[in-house]
Each structure stands twice: as C-alpha cells, then as structure tokens.
Amino acid sequence: MRADDVNGVDIELRDLRLALVTSQHRSLRQAAEALNIRQSTLSRRLHEIERQLGVVLFERTNGGTRLTTVGLEFVASAKRILDDVDTELQRLRSRSRGELGLLAIGVHASPSAGNMHTTLVEYHRRFPDVDVRTVDGSHERLLCALAGNAVDVAIMTGQATAWDGRVLPLWSERVIVAFPEHHVLGQNPRIRWADLANEKFLVPQQGPGPELEGLLAPKLRHAVGSQHIVHQDASLDRLLSLVSANYGTLLMFEGATGVRHEGVVYREVWDDDGPTQVNFMACWRDANSNPALGSFLAMLREHYSDFSAEPPVA
C-alpha cells in the first residue's frame, strides 16, 4: 500500500510508520530497536524518503535526532493517514467478523416478548454496531424476500411452505387467545379448543393470521364457518383495540403478548395433553455471504443445535 502524489513520489505506508516511530525516540538506535530493524536500514530508508520529498525531515546530531519544522508537518500528516488507515482496517475486520454492518431479519410473528425478543436483545448486546432491519410478512412473502436477498434470515413457524435453503429448528411458542376483559371465558385460567366453538375470530390477513386460521377447523372439528371469522388488514395494536371493544377474539403466538392493551386478557389454548404449541425455525440461503448473518446464526446455534451443519458420522 502506497501514498503516491502527482509528482511521482513513491512512499509506502511502512515509510510513514518509520518516520512516525523515529519522531517518538531521541535517537535512531532507539527507534530501530523499537521497530526491530537495523539502525543502518532505518537511516537509509529515512534518507530515501527525504530525497524523494526534497526536504530534510530530521536533524541528526551527536546528541540524537529531532524533527525539523517541515518534519513536524510531515509526521503530523503521516499520523493522520495512518490513523485513518488503521480505523478503516479495523472497520473491515469488524465487518468480516460480523461485528458491523446491517442484518435484515424477516419476522413472521410479533417479537414483543418471548424467545424472538430475547434473541434480538442478546444479539444487540453482543454486536451493538450491527444495525437490524426487520421485515414483517406471511410465509410466502418472507420466502420470496429470502430468495430475492431482501432479507438475510427469516424466523417463521415450522409449517412454512417448502424451503430448499438452509433451516435451523428453533423454539416453540404457545397459542394464545385474546379476550375482551369481561368475556366469560376470560375468567378461566386455561382455554380448550372446544370452548371456542361459538366465538367470532378476528384474523389478520398478514403475518401469522393464515396459519392461525388454519388451526381452527381441525381443532374445532370443522365447527367454524365463515360466519365465525372476520378478516382484518390491520396491525396487532388495532386488532387488540377491536378485541377490547367486543368485536371478537384474537388468536396469536405468545411472542406477541408483550403488547398489552387495556381491556384485553390473554389465555393459553390447550389440547388434551397440554398447551397448543407451534414450532419456529430460521431459514436462510447458504449462498448468503453477509458476515452479520454468520454472527447471528452462530449465536442461535449456541442455543439450538444445527445438526444439518455437522459432518456425517463415519
């Protein structure tokens, strides 16, 4: 790496460091020892720098060396250049280690609580210089975003449409139902699917809405007709406003329960053998070279084993 000017002066970054270190010592001998080179080599290179520049940078006396006025200006400039180069190299090293940059995460369900929220908090604590951009969407939208490099990784439920890229199974989340505060079922500590047979459901058209709607028919033995479902193109907070106003109940994943709304209570929904749970997974493209994705996946693998990445057993 060189610092060339229009007059053909050919000075390497190494030469700038030699001059800077020499300026910090009282003699060439001390500077050479600090640089771990021979004194004669250092002296010869400094003379060559001065010859190319056509100036004297150091006054050499029996008492040692000291910078000339021009030398002071040169060393000040050299230090700025070296500091800028060191800063840029550090930035590039950090980026290559996934410690700097941008990570786009496709989010299928609200990350206001639960494992997704915990994951985002931990990632920011470890890599505070990585900016995270989240993209909400249905399975189909997020998989299209993955294929088109619009997102680096998508966190979605395990019932996602077939994905031919990499997959890492993650956590499971309980299915939660949101009731108006004074709803008779809201007084129960737990809700079974059969209890919901006569409820009217508010179902968002985006995010996890279609999948949660898909749970209703098999869970309620086809007792849910179109009269029981009102599709909504609205955000979670507006849906909860409708719930509090007695327009219906809302199914959601437990990760969304960090959003609290006055007049709404949350209850978990149970199957015969315990709470209904849905599995989540991370999807990404193997060809994605974003270092920030690598650091994010490495963190996930500390908690969730990626058996697909292990070499086959001999």
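Mentor: Angles under 35 degrees count as roughly parallel, over 145 as roughly antiparallel, 65 to 115 as roughly perpendicular, and the rest as oblique. Bear in mind that this is a predicted model, where local features need pLDDT of at least 70, side-chain atom pairs count only at pLDDT 80 or more, and totals for chains, interfaces and linings use all residues. Residues are numbered from 1 along each chain as its sequence is written, and side-chain values use heavy atoms, with hydrogens and water left out.

On the α1 side, Asp15, Leu18, Ala19 and Thr22 do the touching, and they meet Leu42, Arg45, Leu46 and Ile49 of α3 (contact means heavy atoms within 4.5 Å). The residues of this contact divide into 5 nonpolar, 1 polar and 2 charged. (Ala, Val, Leu, Ile, Met, Phe, Trp, Tyr, Cys and Pro are nonpolar; Asp, Glu, Lys and Arg are charged; the others, Gly among them, are polar.)

Next comes helix α2 (residues 28-35), which holds alanine 34. Leaving aside neighbours within four places in sequence, alanine 34 is in contact with Val21 and His25. Valine 21 is 13 residues from alanine 34 in sequence, and their C-alpha atoms are 7.8 Å apart.

Now for another helix pair. Helix α5 (residues 114-126) and helix α9 (residues 291-303) cross at roughly 125°, with their axes coming within 11 Å. At that angle, α5 and α9 are therefore oblique to each other. From α5 the contact draws on Thr119, Glu122, Tyr123 and Arg126, while α9 brings Ala292, Ser295, Phe296, Met299, Leu300, Glu302 and His303. Sorted by class, that makes 5 nonpolar, 3 polar and 3 charged residues between α5 and α9.

(On a 1 Å grid over the protein atoms alone, a 1.4 Å probe fits in a cavity but cannot get out; a pocket is open, with protein on both sides within 12 Å along at least five of seven lines; lining residues have an atom within 4 Å of a point.) The largest pocket has 24 lining residues, and Ser110, Gln206, Gly207, Pro208 and Leu236 lie nearest its centre. Two elements give two or more residues to that lining, namely α8 (236-244) and β12 (250-253), and β12 gives the most, with 4 residues. The pocket's lining has 14 nonpolar, 6 polar and 4 charged residues.

As for cavities, the largest one is lined by Val107, His108, Ala109, Ser110, Met116, Ile155, Trp171, Glu173 and Phe280. That set divides into 6 nonpolar, 2 polar and 1 charged. Around the second largest cavity you'll find Phe201, Leu202, Val203, Pro204, Gly209, Leu212, Glu213 and Leu251. Here β10 (201-204) and α7 (209-219) are the elements giving two or more residues, with β10 giving the most, 4 residues. The lining of this second cavity has 6 nonpolar, 1 polar and 1 charged residues.

Definitions and conventions
Axes are lines fitted to C-alpha atoms, for helices over the stretch in contact, and angles run from 0 to 180 degrees between N-to-C directions.
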